[in-house]
Amino acid sequence: DLQQHHNSGVDFYVMDGHKWFMSPKGSGLLWAAPAVQDLLVPDVISSENAPGTPFQEAFHYVGTRDYGPWCAMADAVDFRRQRL
């Protein structure tokens, strides 16, 4: 539960979805406490990341690539929660 990280003072949490959630290669998770989100900037610059773009929306666009791993993360979380 990421809320526990926030409550314990964690500023950033990053994980590989492929290794830890058994989701497709290329998937992962980045969480940042609201107070430090302005320290992170997406490495892909596009018209979709105009100044003032909300944190999560700024990281949605990653250029031309396979979005399958990203879309599968919710199912991987559900699988892990229900079966393991």
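Predicted model: local features only at pLDDT ≥ 70, side-chain atom pairs only at ≥ 80, totals over all residues.
Modeller: Residues are numbered from 1 along each chain as its sequence is written, and side-chain values use heavy atoms, with hydrogens and water left out.

Biologist: Why is Ser-27 called buried?

Modeller: Buried means under 20% relative accessible area, exposed over 50%, and partly exposed in between (1.4 Å probe, protein chains only). Ser-27 has a relative accessible area of 6%, and is therefore buried. Ser-27 belongs to the loop between α2 (17–20) and β2 (28–32); helices (H or I, at least four residues) and strands (E, at least two) are DSSP runs, numbered from the N terminus.

Biologist: What makes the pairing of Ser-27 and Ser-23 a polar contact?

Modeller: A polar contact is a pair of N or O atoms within 3.5 Å; within protein, one must be able to donate a hydrogen and the other to accept it, and residues adjacent in sequence count only if both atoms are side-chain atoms. The side chains of Ser-27 and Ser-23 are joined at 2.5 Å.

Biologist: Which residues does Ser-27 contact, leaving aside its neighbours within four places in sequence?

Modeller: With contact taken as heavy atoms within 4.5 Å, they are Asp-16, Gly-17, His-18, Pro-69 and Met-73.

Biologist: How do you know that Asp-78 and Arg-81 form a salt bridge?

Modeller: The term requires a side-chain nitrogen of Lys or Arg within 4 Å of a carboxyl oxygen of Asp or Glu. For Asp-78 and Arg-81 the closest N and O atoms are 3.8 Å apart, and the pair forms a salt bridge. By this rule the count comes to one salt bridge. The two residues lie three apart in helix α4, so about one helical turn separates them.

Biologist: Why does Ala-74 count as partly exposed?

Modeller: Ala-74, which lies in helix α4, has 48% relative accessibility and therefore counts as partly exposed.

Biologist: What makes Leu-84 exposed?

Modeller: Its relative accessible area is 59%, so Leu-84 is exposed. Leu-84 is found in the segment after α4 (68–83).
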